[in-house]
Amino acid sequence: MSKPEPAPEPPAEALTAAPAEPVEYGQFPQDTLFELLTAEIAGQRNRFDVALDNYLKQAQSTRDAGVTERAMRVAEFLGAEEQALEMAQLWVEVDSSNPEALRSAAIHLARTGQHEQAMQMMQRALDLHGETHFDFLALAAAESDQPTREALLESLTQMLQRHPENTQLVFAKALLLQQADRPDEALELLEDHPGTEQAPSAILLHSRLVVTQDPKHAEQILYRGLESFPDDTRMRLLLARMLVTSGDYRAASTQYTKLVQDNPEDPDLRLSLGLIHLELDDYAEAVDQLQQVLLLNPGNNTARYHLGNAQLEAGQPDAALKTWASIDAGNELLTSRLQISQLLVSQNRLDELSSQLQQDRESYPQHALTFYQIEIEALADQPELAMQRTNAALRAYPLESSLLYTRAMLHEQLGNPQGLEEDLGAILEREPDNAMALNALGYTLADRNERLNEALSMLQRAAELEPDDPAVRDSLGWAHYRLGNLDLAEQLLREAFSTFPDQEVAAHLGEVLWRQGKKKEAREVWKQGLEQAPDSEVIPATRKRLEAE
């Protein structure tokens, strides 16, 4: 394991506060006392290199347990793992019956991959004192190789035979079994030792082991654990997350409310509580919690985005617009502009929409194209205005294929097939293997029953480029239908419909089946299509046309 990087410029008071108790030195010569005093003063003045060097020298020189522990704590604080291990081992030498010395040595041995030696230290602590913590050793083993983990597992098994009621040993072995992908054995071990119900770490592991097979049981394990350990934040947080996963938002809100009460300055907990209130349609509570998040963490744009959603649902659209508009970075920048666009279009405030997105294009030029696309998409039900904005975008980005494709689709909406063909042709002139353009133009020609061989060629090329795309398969099947290849058309359209039961695919497949005399099956396909899209116009129109012939 590589040596950790030293901590950058920690405050002096953190160093001087490192030991749990005030340091009491023995009777030392004057020179030793001077060196120790120098180390203390150096730490207070941020000269941590001097402090550590003096403590290391004096620990070796005096072999005093207090000085040695102090040297180890300073090395730990600075991330000097090699020196921390050296001092931990020296501490064990000079105070061999101290459980904290043995445990510290085990921790640093485990961190450097010396797991067998670490286990020996823990065995000594266990023999002397009957109880110690092994969880750190099992966690350190997670990054070791398989043989090392197996050796540790065997050592733990032997120790557990000598100390069968030691819950920390049970937990450590269960954790190693879980890491070895043996969850059933880990679960059996925990359930065979009821004493683990009084160990928070074991309760957490137990619930994680059963949650995939029986989420309710996992929740009950945590509820019982919280009866014994009501202030255990990790346990309550895991329960809250499980409740969210299971969709029990009301129960989750109870747990998150308690977590927020206990940790009022934690913005992440408040964010979670706010989102749960949003799910529960408690919009006023959601607004309150999300505003509290922003007081604690003003730069949290995730909270700001969801605050806008909550304000909109609470009947405060102008507040929502203002909140979304204040987002200036991150993934939420674009999604907030999408929300603004949809809201302003729904209120027919199109000039404000144009002004907002123009301002955004100037403020965030790296997203200018996306802002055009957001505006155009928001105007989907107003194709004339959408065409105006697309033309403006193309003046800024004349070679952008996505804009040309968008304009081609708008030409189709506006009944201008020539414009559609020109824009798709312009894309293919520069990108002959653009599967989306090949499919769109090929399908358009086939649907109009024009230049069918050319359409077929385009669609066959699109299918080569995107063999798994059901939309391309539908278009190719439709072209074969137009060419009179009914059996091949049926095969292709069935394949498309099986993975993409779209209303248009249903209309096409039904028509091919009808032409083949399979009218009952055609009606069944249309029925399935209408189940997916009850408001479909294309299926009833197709059926009416065919039945009228």
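A surface patch here is a group of residues with over 30% relative accessible area and no salt bridge, with like charges joined within 9 Å. In this predicted model, Asp184, Glu188, Glu191 and Asp192 form such a patch, with negative charge. The protein has 549 residues, of which 46% are buried, and its secondary structure consists of 32 helices and zero strands.

**Overall figures**

- The accessible surface of the protein is about 27800 Å², and carbon and sulfur atoms account for 47% of that area.
- Of the contacts between residues at least 6 apart in sequence, 47% join residues at least 24 apart.
- Across the whole structure, a search finds 30 salt bridges.

**Negative patch and its surroundings**

- One of the patch members, Asp192, sits in the loop between helix H11 (183-191) and helix H12 (200-210).
- Asp192 has a relative accessibility of 54% and therefore counts as exposed, the cut-off for that class being over 50%.
- Glu185 makes a salt bridge with Arg182, with an N to O distance of 2.8 Å.

- Asp232 is located in the loop between helix H13 (215-228) and helix H14 (233-245).
- Asp232 is buried but has no salt bridge.
- When neighbours within four places in sequence are set aside, Asp232 is in contact with Pro200 and Leu226.

**Salt bridge Arg250 to Asp282**

- Arg250 and Asp282 are joined by a salt bridge whose closest N and O atoms are 3.1 Å apart.
- Arg250 belongs to helix H15 (residues 249-262) and Asp282 to the loop between helix H16 (267-279) and helix H17 (283-296), so the bridge ties together parts separated by 32 residues in sequence.
- Arg250 is partly exposed, with a relative accessibility of 46%.
- Asp282 is also partly exposed, at 22%.

- In the salt bridge between Glu421 and Arg451, the closest N and O atoms are 2.7 Å apart.
- This pair links distant parts of the chain, 30 residues apart: Glu421 is in helix H25 (residues 417-430), while Arg451 is in the loop between helix H26 (435-447) and helix H27 (452-465).
- Glu421 counts as partly exposed at 21% relative accessibility, as does Arg451 at 38%.
- Both residues belong to a network of salt bridges that links Glu421, Arg448, Glu450, Arg451 and Glu454.

**Ile107**

- Ile107 is part of helix H6 (residues 99-111).
- The relative accessible area of Ile107 is 15%, so this residue is buried, the cut-off being under 20%.
- Ile107 and Met119 are twelve residues apart in sequence, and their C-alpha atoms are 9.6 Å apart in space.

How values were computed: Residues are numbered from 1 along each chain as its sequence is written. This is a predicted model: local features need pLDDT of at least 70, side-chain atom pairs count only at pLDDT 80 or more; totals for chains, interfaces and linings use all residues. Side-chain values use heavy atoms; hydrogens and water are left out. Patches are made of residues with over 30% relative accessible area and no salt bridge: like charges are joined within 9 Å, nonpolar side chains (Val, Leu, Ile, Met, Phe, Trp, Tyr) within 5 Å. Accessible areas come from the Shrake-Rupley method with a 1.4 Å probe; for residues, only the protein chains shown count as cover. A salt bridge is a side-chain nitrogen of Lys or Arg within 4 Å of a carboxyl oxygen of Asp or Glu. Lys and Arg count as positive and Asp and Glu as negative; His and the chain ends are not counted. The place of a charge is taken as NZ of Lys, CZ of Arg, CG of Asp or CD of Glu. Helices (H or I, at least four residues) and strands (E, at least two) are DSSP runs, numbered from the N terminus. Buried means under 20% relative accessible area, exposed over 50%, partly exposed in between (1.4 Å probe, protein chains only). Contact means heavy atoms within 4.5 Å.
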